[in-house]
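Here are my notes on one helix and the sheet beside it in your model. Have the structure open as you read.

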Amino acid sequence: MKVLIIGGGGREHAIAYALSKSKRVSEIHAIPGNPGIAQIGTCHPGSVTDIEGIKQFVKDNHIDFTVVGPEDPLCLGMADELEAIGCPVFGPQKKAAQLEGSKAFSKEFMMKHHIPTAAYKEVNSYDEAVLALDNFSYPVVIKADGLAAGKGVVICENHEEAIQALKDIMETKTLGEAGSKVVIEEFLKGFECSLLCFTDGETIVPMVSAKDHKQVFDGNKGPNTGGMGTFSPNPFLPKEIEDTFQEKILDPFMKGLKADQMDYRGVVFIGLMIDGQDVKVLEFNVRFGDPETQSILLRLETDILDIFEAVSKRKLKTVNIQWKKESAGCLVLASGGYPGSYEKGKLIQHLDEVAEDIIIFHAGTAFDDQHQVVTNGGRVLNICALGASLEEIREKVYAAAKVIDFDGKYYRNDIGLI
C-alpha cells in the first residue's frame, strides 16, 4: 500500500518509522515531511492545512491510506474531506476534533458526560475574565480556547501573573485568535500522565503508558513546552489504576461520542492528573502526543498499518495489539531560547556518530542549500532508545545527546527521574 503521512515533526517521523516496519507498506510519502522522514520515504512540499492540495495529491499519486499527524488539519475537517473522495484515513472527523480545537467545547463535553475534570469558567472578554478570577484560588490555570501549538496553557501563581497572562492572551493576542475565548481552571495537584488510546468509535484500546515532561527546565520548572522528553511505561503510575481509567474516563468518553454522534476514528490522547487513586482529565487531544508517540511506538509489536486500517473500518476489536516488554525513552534536544524566541538554521553535526541502538527522530530540522541538516524549530531532535530499565535508557540517550552538536543545543537532565 502507498501511505501518506500529513506532518513534518518528530511524531510524524515516529509514525513513518513504524510504518516502514510493515511488510504491507510499499511506499511512504509525507507532506511536508523532514530530513529524517526523507531517509525512509519521499517528502513533498506543501502545507498540512492545504486540504484541497492534499486531496489532489492523494488522487494524482493513487494514495491508498492517509495518516493525519497534527491537530490543525483534523480541526479543519481533513478526515471528512479525504473520506468523501474515497481515501481511507486515520484521524477523527471535524466535529470530534473540536475536543482539541476548543477547550470550552471539551470542558462542556466532560461535564455533560460526567468525566472528572477541574472546575472551570469560560470567559469571552478580558473584563469578564478578570472578574472570574475572584472565583478561583491560586495557583490558577489559564487556557486559550483554540489551538496554540502546545503554548496555550499558563499556570499562574498569583493574581498579578493571572492578570498579565489574560492581558497577553486576550488583549495583546500573543496567541492570535486562539485566545479570543479563555477557560480559567482550578489548579489540580498530583502528577501528569499521558494516556493514548486507539478508537474506532465502537471500541477503545489503551496503548502502553507514557510519562511526559512538559516544563522546559530541570525540576519541572519554567514555562510549559510541547514536551521535553518521555518514558514508557510511566514509572510513577499507581498499580492497578487502569481499572479506574476504564470506569471513570474511557467508558463515559465512548458513551459521550455515541450520544453526541461524533465520528471518531483515530487516536485520543488524554492528559490526566493523578493524585493517589483520584484521576481527572486535563485535556483531550485528537492525535498522537508528541513526544509520547516516539517512546510508545518503539514498543509496538503489531503491524501499525493493520491497526490503522482496522480503526478506519471500525474493526478495531478484531486486532490483538501486542507490545514489547522493553521500556523506551525519548530525550528532546531543543534550540536555545525555546519555548520563547530562538534562532534557526544552525548546522547539526555528528548525527551518524551515535551508538547503533539509538533511534533519532527529526522534530524541527531542514536541509540547507548544501543539503546539510540544520535546525528549523524549537524542538529539534528526539533521541530515543529501548532498554530493560529506565536507568539503561537514560544512560543511552544522554550519551547520544553529548555526541550530537548544534549551536544553542539545550536539553533537560532529569527526564524520567521526576
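1. Start with helix H9, residues 242–259: its 18 residues reach 24 Å from the first C-alpha to the last, close to the 26 Å expected at 1.5 Å a residue. That expected span is 1.5 Å times one less than the number of residues. Helices (H or I, at least four residues) and strands (E, at least two) are DSSP runs, numbered from the N terminus.

2. Some ground rules. This is a predicted model, where local features need pLDDT of at least 70, side-chain atom pairs count only at pLDDT 80 or more, and totals for chains, interfaces and linings use all residues. Residues are numbered from 1 along each chain as its sequence is written, and side-chain values use heavy atoms, with hydrogens and water left out.

3. Where does H9 kink? Look at Leu250, shortly before the proline Pro252: the kink there is about 30°. The bend is the angle between axes fitted to the seven residues ending at a residue and the seven starting there.

4. Both Leu250 and Pro252 are buried, and other buried residues of H9 include Phe245, Phe253 and Met254. Buried means under 20% relative accessible area (1.4 Å probe, protein chains only). The buried residues of H9 pack against helices H5 and H6 and strands E10, E11, E16 and E17.

5. Those strands form an open, antiparallel sheet in the order E11-E10-E16-E17. E11 and E17 are the edge strands, each pairing on one side only. Pairing takes at least two DSSP bridges between two strands; E10 and E11 have 3.

Terms used. Buried means under 20% relative accessible area, exposed over 50%, partly exposed in between (1.4 Å probe, protein chains only). Contact means heavy atoms within 4.5 Å.
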